[in-house]
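Dear colleague,

I am passing on the structure below, together with an account of what was found in it. Please look through the sequence and the model first, and then read the notes that follow.

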Amino acid sequence: MSADDVVMPPLLAVQGLTKRFDGAPEAVFEDVWFDVAKGEFVCLIGHSGCGKTSILNVLAGLDSASGGHVLFDAREIAAPGLERGVVFQGHALLPWLSVRGNIAFAVRSRWPGWKRAEVDAQVEKYVALVGLSGAIDRKPSELSGGMKQRVGIARAFAIEPKMLLMDEPFGALDALTRGTIQDELKRIVRETHQTVFMITHDVDEAMLLADRVLLMSNGPRARVAEIVVNSLPVDRTRHGLHHDPQYYRIRNHLVDFLVEKSAGLAHGKAPSRPLVVTPGLVPDDATDSVAPLARRSA
Amino acid sequence: MGSLRLKSAILSLLIAFLLVGAWALATQATSTKVAISAEQAEYAKLMGKDPEAAEQAGKSGFPTPADLGRTVVRQLAHPFYDNGPNDKGIGIQLGYSLARVGLGYLAALLIAIPLGFLIGMSPLVHRALDPFIQVLKPISPLAWMPIALYTIKDSSASGIFVIFICSVWPMLINTAFGVASVRREWLDVARTLEVPALRRAFEVILPAAAPTILTGMRISMGIAWLVIVAAEMLVGGTGIGYFVWNEWNNLSLTNVLFAILVIGLVGMALDLSFARLQRAVTYVG
């Protein structure tokens, strides 16, 4: 699914975003364009140092860009807001509050007029959604890394944001835990039709979760160089993923970009408007699997 | 763990026995009897002294453990007696001291916590106030006494002021430090949830900085309890410090020793209660 066939304007539109730190000769990223449609799951992949987290912070309103625009619901983002939920890299739970307290803190921020019973019901619903009902009264220090990140996810979902921003949410987890939580996240996102923008450096994670994968060139002056449409079936599972004939075409394309091409596209050598590619649908005998199918403009 | 506790308790008791034993030995009456003539005895009587006491001249002037024990029993039997300005029970004197410390400490708390918040949150205020804090902090609180006595004109209030001025700094500095070092991501969580400033201060910054603030409060209380004794010796009238000074003037070292013991025990109780508070607000993370 691509934003092209949606008539409505995208939920999020990033137009020519640039970030330059004071005193640095070149911008970290420059002229970044992409958008996210309602109900879409978009992953951003790139090497460290290309400003992925900076982009997410700008989208969250926690940081400001040096140039360009970010439109959310057709309005410019200037500050953090409850319509954009954030799952932080290091879970960022308040350690003096229990699981219940942490999520209730968010719920009370979203609906200040709610009575205690309403808050409790909302908290319990989302704690159950991530399967932590048994640990609801525990403090974060009494939880494992995976459980903490589940609480972080539940906290972000509990405020029912229009869009979820996730910054490498599973980066610090072991492979086994990561797999389980990826499955859970996929299930919850499908149930709630949540729009998600997620940063990752795990190609398989992106292929499992994302409808589209944004590939970033290296910094300085990084850009979103390509948009890879994930043409794998919507009901794909982590276990069955690699049996799909498209799997290796897409995976090879992603890995080739990161290993061979992204460095060469640093210093603003990437095109200013990303190419949209569907490597999964290109037959194996085609010599050039990165042929641009369409040139998108905002 | 349990055996370690037991062993340490036994060792503590042993050390206490040794110390008291050494003290008893050092203050033991020597058997050398100083013979006095009839004229000397007559003279002693004329001067209001008991010649029988002079018989014991070999006895050390320093009180023995037994003397202290008797004083403790006597004082604790009537802790709240009041026989005029210079003769009040230890309970009353302690009450005066604790009230002064409490008032001065409370005033310091009310100033230091909000101001510390401000300093911790604003690098501008921090830089602007830092020179004043650095100059004022190392001044001995007693140096303020003449200024306080001249301006406030009330000796008891001056004592409270001295407590205020000595306990304000650790609380101020620790609050500012605790607030300034609240983890950025916790503040980001509050920002993304559009938490209003007041709620952010009370529900994020205060609990995050609480362990550091409590450490400052504990240090302040320790200092305040040290300073009150000296301040009351200077100001006079009432309080445990005045009690010590008064008993020195009475040459009653036993009572001075008793007061020292009480000061130590009360100081320990205060510190333990703050340690308990500190544990209550400490979090792991």
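**Helix packing in chain B**

In chain B, helix H5 (residues 90-121) packs against helix H8 (residues 155-180) at an angle of about 30°, and their axes lie 6 Å apart; helices here are DSSP runs (H or I, at least four residues), strands are runs of E of at least two, and both are numbered from the N terminus. Axes are lines fitted to C-alpha atoms, for helices over the stretch in contact, with angles running from 0 to 180 degrees between N-to-C directions. The angle makes H5(B) roughly parallel to H8(B), a label given to angles under 35 degrees, while those over 145 count as roughly antiparallel, 65 to 115 as roughly perpendicular and the rest as oblique. H5(B) and H8(B) cross in a right-handed sense, and their contact has 24 nonpolar, 7 polar and 1 charged residues.

This is a predicted model, in which local features need pLDDT of at least 70 and side-chain atom pairs count only at pLDDT 80 or more, whereas totals for chains, interfaces and linings use all residues. Residues are numbered from 1 along each chain as its sequence is written, and chains are lettered from A and ligands numbered from 1 in the order in which they are written.

**Chain A**

Chain A has 7 helices and 12 strands. Its radius of gyration is 19 Å, close to the 19 Å that the globule rule gives for 298 residues, so chain A is as compact as a globular protein of that length (the radius is taken over C-alpha atoms, and the rule is 2.2 Å times the number of residues to the power 0.38). Along its principal axes, the C-alpha trace of chain A spans about 60 × 45 × 35 Å.

Within chain A, helix H4 (residues 145-158) and helix H5 (residues 175-192) pack at an angle of about 15°, with their axes 10 Å apart, which makes H4(A) roughly parallel to H5(A). The contact includes A:Gln149, A:Arg150 and A:Ile153 of H4(A), and A:Ile181 and A:Leu185 of H5(A).

**Where the chains meet**

In all, 17 residues of chain A are in contact with 15 residues of chain B, contact being counted when C-beta atoms, placed from the backbone, lie within 7 Å. On the chain A side, helix H2 (residues 99-110) gives the most, with 3 residues, and the residues of that side divide into 13 nonpolar, 4 polar and no charged (Ala, Val, Leu, Ile, Met, Phe, Trp, Tyr, Cys and Pro count as nonpolar, Asp, Glu, Lys and Arg as charged, and the others, Gly among them, as polar).

With best wishes

Conventions. Contact = placed C-beta atoms within 7 Å. Left-handed = near helix turned anticlockwise from the far one by under 90°.
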